[in-house]
Amino acid sequence: MFLKDGIKCHAQFLKSGLVPPIFTSNQLIHLYANHCLIHEAQKLFDEMPERNVVSWNVIISAYVKSNHLPQAKALFDSASVRDLVTYNTILSGYANADGYQSCAIELFLGMQRKRGEMGIDEVTLTTMVNLFAKLCSLTGGRQLHSYMIKTGNDRSGFAVSSLIDMYSKCGCFGDACLVFKGCEGPVDLVSKNAIVAACCKVGEVDLALRLFWRANESNDTVSWNTMISGLVQNSYEEKALELFIRMWKNRVKFNEHTFASILGACCGLRNLKLGKEVHAWILKNDLISNAFINSGIVDLYCKCGNMKYAESACSISGFENPFSITSMIVGCSMQGNMIQARRLFNSLAEKNHVVWTALFSGYVKSQQSEVVFDLLKEFREKEATTADVLILVSVLNACASQSALNPGKQIHGYLFRMGFQMDEKMTSALIDMYSKCGSVAYAENIFRRAVKRDSVTYNVMIACYAHHGQDVHAMHLFREMLEKGVRPDSVTLIALLSACRHAGFLDMGEKLFYSMKEGYNISPEIEHYGCMVDLYGRAMQLEKAVELFKQIPESQQDVVLLGAFLNACRLNRNVELAREVEERILKTERDKGARFVQLANAYAAEGNWDEMGRIRKLMKGNEAKKFAGCSWLYLDHRVHIFTSGDTSHFQAKTIYSILASLTGELCHIGRGPCVEDNSHGILLDKT
């Protein structure tokens, strides 16, 4: 029945003074509810002289679908008759709404106590399985699965797909596979899609593809979208694009989810040309008005560095799409344009956690840590809700960059008090914060208490040990990582090689470097080469450094690698090699004073004062800038910055007075002659 026809039918009954039959009233209530006319549905329900169980189910369902759970519960409590559908309706509402999970569990336990009167069916059980999947409650999920087996409610496609989803979200991929393999007879498409999604979630892409192509003639749009999305999530962007082309050739219908995944693939590849083609395809299919797709297009152009196109795409939604605005904020942040990012943020009437997180992340990436602390204060003043995990991770990253231990501890305490779940991302952020603030013991404590540890968690802890000179601990942790079955990545190897070069573990460094490709399928990147060149230089094995350096294509040799090689030449007192890289370094960074100083030091180490003087003259002639040394300290809710030779700090006199006193004591202990520096009153050793 169409709404217009329903209103006419209702009007005829009212004009004639007749009361609609219960069946007709139930249909009209359902019709009004489907068109969001909840007030009209309630008015008709109130006017019914007689109601049956369907009447109560329809009006309760109307309030559940419109997310008015208190009203739905009030009707449920006052219902004169109830059946299993009534209970399942309110149970579904509780299970799907945030904050009502305990109500759902309480209602389900009540249903179990009354199962002799009305029973519990597959809908009840799958609803609860989905709830435990949402809560990642493996214990509850296993108990329900056992009950479903006993009652024979584990065989339908919806039951199987719910169980697969629950086990995969709880991290039990093996159990999800067992559920899938235990299906009797041909597997329905819903279950197949669920297991493909589960495989992709845990990185089993090859298995997912094999399952996808099994009986592929039955694959629908959801199947193709699931596989394409899984490939993108696991960084197989090119395979995702190939599958998209096959989907088109097989004449499978696209939808907004298809294009959202393909735009994600283009973003991952940073392929602007391909992204424009997908954009044109979206325009042809008249999907540009979809909020998620529009934000995907904006995100694509932002990540490809074309902010002009991104702004044009964003203007299509009238700058009212919060998802597009979020992408624009992220894009502006990537470009370092935080003024524009803040302007876009302020333009939003309502700001959700996603938009707040984007701004926090932008300031962290722009290294504006003080602004991050101010923004957190603003968030707490303006938002009634608590900060989510991603916002707090951003604040912890700001604390790490500023070595601000006290604010970091406060965030840690806040997490503990509010009962936040310590997932891998939060655990890694805390370890990194404590590491960069110099609290290795605190970082170790967080790491050891972590229930789940992924490669990022191990990488951060290994880097912590390497940074603080605990190289043996770094190696032990790497062995533990391998024993636990956690796969190392390129970041792991950078941290380990860094530890080796600081500790002088030449054999270990060589073993790790030359086993990267064969042992871990990791291709060495420029950072790995830089670590090895530096390691060889420190080990006084310049020949090996030269041999490795020649293996790197010249187009990939950046100034950092050249600097490492130059430092190796300096340590090994080889002026000729230093001179060979001198021209290349100065060509790329002729205005950077640090490079001139590095070259001068290389010649000075050899005692070649003429060459050192020549470099110094070149530096002055090119007006290269040598930035003054800088340090900072977070104290009393602000960052104090100290620059060499600077007296602008408001407590400069007190600071230099204490420094002069300390310098005097050092001179007295060393019994060396001291001289007073008249500019700041600092005692300096004559030598």
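Rings of Phe, Tyr and Trp (for Trp, its six-membered ring) pair here if their centres lie within 6.5 Å, with planes under 30 degrees apart counted as stacked, over 60 as edge-to-face and the rest as tilted. On that basis, a search of the whole structure turns up 24 aromatic pairs. The structure is a predicted model, with local features needing pLDDT of at least 70 and side-chain atom pairs counting only at pLDDT 80 or more, while totals for chains, interfaces and linings use all residues. Residues are numbered from 1 along each chain as its sequence is written, and side-chain values use heavy atoms, with hydrogens and water left out.

Confidence comes next. pLDDT is the predictor's confidence in each residue, from 0 to 100; its mean over the protein chain is 83, and 88% of the residues reach 70 or more. Residues 623-628 stay under 50, and for them the model has 16 contacts (heavy atoms within 4.5 Å) beyond four places in sequence. Another stretch with pLDDT below 50 is 673-687, which has 27 contacts in the model beyond near neighbours in sequence.

Back to the rings. A pair of aromatic rings is described by the distance of the centres and the angle of the planes. For Phe-212 and Trp-224 the centres sit 5.1 Å apart and the planes are at 85°, so this pair is edge-to-face. Phe-212 belongs to helix 14 (residues 205-213) and Trp-224 to helix 15 (residues 221-233), so the pair ties together parts that are 12 residues apart in sequence. Helices here are DSSP runs (H or I, at least four residues), as are strands (E, at least two), numbered from the N terminus. Phe-212 is buried, at 1% relative accessible area, and Trp-224 is buried too, at 2%; buried means under 20%, exposed over 50% and partly exposed in between, with a 1.4 Å probe and protein chains only.

Trp-356 and Phe-379 also make an edge-to-face pair, 5.0 Å centre to centre with 85° between the planes. Trp-356 sits in helix 23 and Phe-379 in helix 24, so this pair ties together parts that are 23 residues apart in sequence. Both Trp-356 and Phe-379 are buried. Elsewhere, ring pairs link Phe-244, Trp-248, Phe-254, Phe-259 and Trp-281 into a cluster.

Helices 23 and 24 turn up again in the packing of helix 22. In helix 22 (residues 338-347), the residues Met-338, Gln-340, Ala-341, Arg-342, Leu-344 and Phe-345 are buried. The buried residues of helix 22 pack against helix 21 (322-334), helix 23 (353-365) and helix 24 (369-382). Another buried residue is His-279, with 13% relative accessible area, found in helix 18 (residues 272-284). Leaving aside residues up to four places away in sequence, His-279 touches Ile-288, Ile-297 and Tyr-301.

On a 1 Å grid over the protein atoms alone, a cavity is a set of points where a 1.4 Å probe fits but cannot get out, and a pocket is an open set with protein on both sides within 12 Å along at least five of seven lines; lining residues have an atom within 4 Å of a point. Grid points are joined across faces, edges and corners, and a volume is the space filled by probe spheres set on the points. The largest pocket holds about 860 Å³. It is lined by 25 residues, of which Gln-421, Met-422, Asp-423, Glu-424 and Thr-427 are the closest to its centre. At least two lining residues each come from helix 26 (405-418), helix 27 (424-436) and helix 28 (440-449), and helix 27 supplies the largest share, five residues. By class, the lining of the largest pocket has 13 nonpolar residues (Ala, Val, Leu, Ile, Met, Phe, Trp, Tyr, Cys and Pro), seven charged (Asp, Glu, Lys and Arg) and five polar (the others, Gly among them).

The count of cavities of 30 Å³ or more comes to one. The largest cavity has a volume of about 40 Å³, and its lining consists of His-30, Ala-33, Asn-34, Val-58, Ser-61, Ala-62 and Lys-65. Helix 2 (22-34) and helix 4 (53-65) are the elements that give two or more residues to this lining, and helix 4 gives the most, with four.

Finally, some loop residues. Ser-235 is not a glycine, yet its phi is positive, near 65°; Ser-235 lies in the loop between helix 15 and helix 16 (237-249) and is exposed at 54% relative accessibility. Ser-403 likewise has a positive phi, about 55°, and is partly exposed at 37%.
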